Amino acid sequence: YNTFRKDRQTEQIASGGVAILVDNSIYAKQINLNTVFEAIAITTIVPNFYKITICNIYIPPNYNFTCDQLESLIQQLPRPFILTGDFNSHN
């Protein structure tokens, strides 16, 4: 697998961060994101299908964010995209 990851920089313990693993036989390229979130995104070509972007995000339970911050991240993702991750039940 090719591993695309963004490790948490603020803590000194061995935890935190986000990752996407892609089979070696599938083309994938990381997308540079400018965001306050712990997030990683790639563009890949689904075999015999189409190009798609996958973004993995982690939002800590007590992290206050705005809709504008989330919208800014979404605007950086080439379409079509899948946004997945641990959102900690924000409403």
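This is a predicted model: local features need pLDDT of at least 70, side-chain atom pairs count only at pLDDT 80 or more; totals for chains, interfaces and linings use all residues.
Reader: How many salt bridges does the count come to?
Author: Oppositely charged side chains can pair when their charged atoms come close. Here Arg 5 pairs with Asp 7, and Arg 8 pairs with Glu 38. By the rule used, the count comes to two.

Reader: Take Arg 5 and Asp 7: what is the N to O distance in their salt bridge?
Author: The cut-off for a salt bridge is 4 Å between a side-chain nitrogen of Lys or Arg and a carboxyl oxygen of Asp or Glu. Arg 5 is exposed, at 52% relative accessibility, while Asp 7 is partly exposed at 35%. Their side chains meet with an N to O distance of 2.9 Å.

Reader: And Arg 8 with Glu 38, how many residues apart are they?
Author: The closest N and O atoms of Arg 8 and Glu 38 are 3.1 Å apart. The pair links distant parts of the chain: Arg 8 sits in the loop between strands S1 and S2, and Glu 38 belongs to strand S4, which puts them at a separation of 30 residues.

Reader: Which residues does Tyr 1 contact, leaving aside neighbours within four places in sequence?
Author: Tyr 1 is in the segment before S1 and is exposed, with a relative accessible area of 64%. Its C-alpha atom is 9.2 Å from that of Ile 26, 25 residues along the chain. With those sequence neighbours set aside, the contacts of Tyr 1 are Leu 21, Val 22, Asp 23 and Asn 24.

Reader: Which elements give two or more residues to the largest nonpolar core?
Author: That core has nine residues, including Ile 31, Phe 37, Ala 39, Ala 41, Cys 55 and Ile 57. Leu 73 and Leu 77 are also among its members. The elements giving two or more residues are S4 and S5.

Reader: How many residues are in the other core?
Author: Among the members of this other core are Val 18, Val 22, Ile 42 and Tyr 58. It lies apart from the largest one, and its size is eight residues.

Reader: Back to Ala 41: which residues does it touch, not counting those up to four places away in sequence?
Author: Ala 41 is one of the residues of the largest nonpolar core. Two of the residues it touches, Ile 31 and Cys 55, are also listed in that core.

Reader: At what angle are the ring planes of Phe 37 and Phe 65?
Author: Planes over 60 degrees apart count as edge-to-face. Phe 37 is buried at 2% relative accessibility, and Phe 65 is partly exposed at 24%. The ring centres are 5.5 Å apart, and the pair is edge-to-face because the planes are at 80°.

Reader: Which rings are linked into a cluster?
Author: The whole structure has two aromatic pairs. In one of them, Phe 37 and Tyr 63 have ring centres 6.2 Å apart and planes at 65°, so this pair is edge-to-face. Phe 37 is in the loop between S3 and S4, whereas Tyr 63 is in the loop between S5 and helix H1. Ring pairs link up Phe 37, Tyr 63 and Phe 65.

Reader: Last one: how far apart in space are Ile 82 and Ile 54, C-alpha to C-alpha?
Author: Ile 82 lies in strand S6 and is partly exposed, at 42% relative accessibility. Not counting residues up to four places away, it touches Ile 52, Thr 53, Ile 54 and Cys 55. Ile 82 and Ile 54 are 28 residues apart in sequence, and their C-alpha distance is 4.9 Å.

Key. Residues are numbered from 1 along each chain as its sequence is written. Side-chain values use heavy atoms; hydrogens and water are left out. Buried means under 20% relative accessible area, exposed over 50%, partly exposed in between (1.4 Å probe, protein chains only). Helices (H or I, at least four residues) and strands (E, at least two) are DSSP runs, numbered from the N terminus. Contact means heavy atoms within 4.5 Å. A nonpolar core is a set of buried Ala, Val, Leu, Ile, Met, Phe, Trp, Tyr and Cys residues joined through side-chain atoms within 4.5 Å. Rings of Phe, Tyr and Trp (its six-membered ring) pair if their centres lie within 6.5 Å; planes under 30 degrees apart count as stacked, over 60 as edge-to-face and the rest as tilted.
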